[in-house]
Every structure is written in structure tokens, then in C-alpha cells.
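Hi,

Here is the structure I said I'd send over. Have a look at it first, then read my notes below.

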Amino acid sequence: MSKKTCQRIHAKRRLEERFGLTINRHQMRELVQQIHAGRAEHLETQSNRISIKAIMLNDRKIAVVYDCSRQTIVTFLPQEALEEYENK
């Protein structure tokens, strides 16, 4: 499996674990398109490749780690992480 595929699998697992939500590949693609279209809130740049974004999923704001070079969501962060970024 490619790194990109592994990242997608990891992200879907964390979404289910942390929020009890499941999404398919089409919904995942829509979330990435949110980021590309500038509809995601930029929270932090961690490196040239990795940034933290806030996206909307089912009327819920969720923080994600986004890999710019692979154009994938790496993981969905816990709700506490979003709260910490918003309180900075």
C-alpha cells in the first residue's frame, strides 16, 4: 500500500474512533476539496508539507491534519485539539 492509502485508512479509523462517524472515499474527496477551495479554516502550519485545518463535516467543525504534498487528510484530531487552537 502507498503512504497516501495508509494515511486515508488511518484518518477514517480516527474519525470513527473519535467522533463515531464513518465516511466513504467520495465523502473523503469532498473534504479534501473543501480544503482546496479555501473553505477550510487554516489553524497552523507545522512544516512545508503538513498543516492543521478546520473543516465542516455534518454541520460539525473538526480539526484535521492535512498533507499538502500528498493532498490527503492524515488524521482527524480530537475535539479538544480544535478547542485549543480556537483559544490561542
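This is a predicted model: local features need pLDDT of at least 70, side-chain atom pairs count only at pLDDT 80 or more; totals for chains, interfaces and linings use all residues.

β2 (50-57) and β3 (60-67) run antiparallel and share eight bridges. Two residues sit between these strands in a hairpin, and N58 in the turn has a positive phi of about 55°.

On its other pairing, β2 meets β1 (41-45). β1 and β2 are antiparallel too, joined by four bridges, and one of the bridge partners is S51 in β2, which goes with T45. This is also a hairpin, with four residues linking β1 to β2. β2 is mostly covered: of its eight residues, seven are buried.

Now for the helix at residues 79-86, α3. Its buried residues are A81, L82 and Y85. Looking down the axis of α3, you'd find them within an arc of 100°, so they line one face of the helix.

Next, the nonpolar cores. The largest has 16 residues, and the ones with the most contacts inside it are L15, I23, L31, I35, I55, I73 and F76. Two or more residues each come from α1 (3-19), α2 (25-36), β2, β3 and β4 (72-76). α2 gives the most, with four residues. Another core lies apart from this one; it has eleven residues, including A54, A63, V74 and L82. As a general point, nonpolar side chains tend to be buried together in soluble globular proteins.

A disulfide is a covalent bond between the sulfur atoms of two cysteines. The closest cysteine sulfur to that of C6 is in C68, but it is 19 Å away, which is too far for a bond. For a disulfide, the two sulfurs would have to be within 2.5 Å. Both cysteines are partly exposed: C6 has 35% relative accessibility, and C68 has a relative accessible area of 34%.

Cheers

Technical notes: Residues are numbered from 1 along each chain as its sequence is written. Side-chain values use heavy atoms; hydrogens and water are left out. Buried means under 20% relative accessible area, exposed over 50%, partly exposed in between (1.4 Å probe, protein chains only). The arc is that of the directions from the helix axis to the C-beta atoms. Contact means heavy atoms within 4.5 Å. A nonpolar core is a set of buried Ala, Val, Leu, Ile, Met, Phe, Trp, Tyr and Cys residues joined through side-chain atoms within 4.5 Å. Two strands pair if DSSP finds at least two bridges between them.
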